[in-house]
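Here's a quick briefing for anyone meeting this structure for the first time. Have a look at it below, then read on.

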Amino acid sequence: GWRSRAAFKLIEIDERFNLLHKGAKVIDLGCAPGGWVQVAIKRGASHVVGVDLLPVDPVPGADLLEADFTDPAIGPQLMDLMGGKPDVILSDLAHNTVGHKQTDHLKIMGLLEMAGDFALDNLKPGGAFIAKAFQGGETEHLLLKLKVTFETVKHFKPKSSRVGSSEIYIVAIGFKG
Ligand code: SAM
């Protein structure tokens, strides 16, 4: 079985966009408890590198780092573990909300921006970036950057996303490098 409900969201996204092809190299940001890692491997990824603040039980084919992605030392470590540019960068990063709307909003946007910048710096040309965002929580700034650096940028709301949640995924395809 899948370790997370989130697994179903990635399955839906990949059924629509077909990004996790055979042999794909994948980086997964905010990967605990490992549902997306399982899905990526199951759908043919040859190597997944993941990071989370929380420990993640091993998944064959994956290197999983317990660390804070916002620590500037971590990006290079992920790339070392990957051993080459990834075809796909996934981000399901989400902090525990503190309940203060403005604070939560800023944190969400901060994580998303960092994930986006990491993708722009490290993706293989032709690659894809899939990231959790929140309706109304996007920086225009990041979207603009993605729109000029990818062939296509779409928004996708999985049916398996919790009813009433403002969660939405950004799917950026065809990295121009
Ligand atoms: N996609 C995952 C799955 O299918 O199992 C679920 C991910 S969960 C929605 C979001 C994760 O982001 C949490 O496990 C949380 O610990 C992680 N996270 C939040 N901030 C982080 C940070 N700064 N560095 C690393 N992980 C972080």
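By class, Ala, Val, Leu, Ile, Met, Phe, Trp, Tyr, Cys and Pro count as nonpolar, Asp, Glu, Lys and Arg as charged, and the others, Gly among them, as polar. This is a predicted model: local features need pLDDT of at least 70, side-chain atom pairs count only at pLDDT 80 or more, and totals for chains, interfaces and linings use all residues. Residues are numbered from 1 along each chain as its sequence is written.

**Where two helices meet**
- Ala 6, Ala 7, Leu 10 and Ile 11 in H1 meet Gly 35, Trp 36, Gln 38 and Val 39 in H2 (contact means C-beta atoms, placed from the backbone, within 7 Å).
- This contact of H1 with H2 has six nonpolar, two polar and no charged residues.

**The sheet**
- Seven strands make an open, mixed sheet in the order E3-E2-E1-E4-E5-E7-E6, where pairing takes at least two DSSP bridges between two strands.
- At the edges sit strand E3 (62-66) and strand E6 (150-156), each pairing on one side only.
- Strand E1 (residues 25-29) runs parallel to E2, and five bridges join them; Leu 29 has Val 51 in E2 as its bridge partner.

Technical notes: Helices (H or I, at least four residues) and strands (E, at least two) are DSSP runs, numbered from the N terminus.
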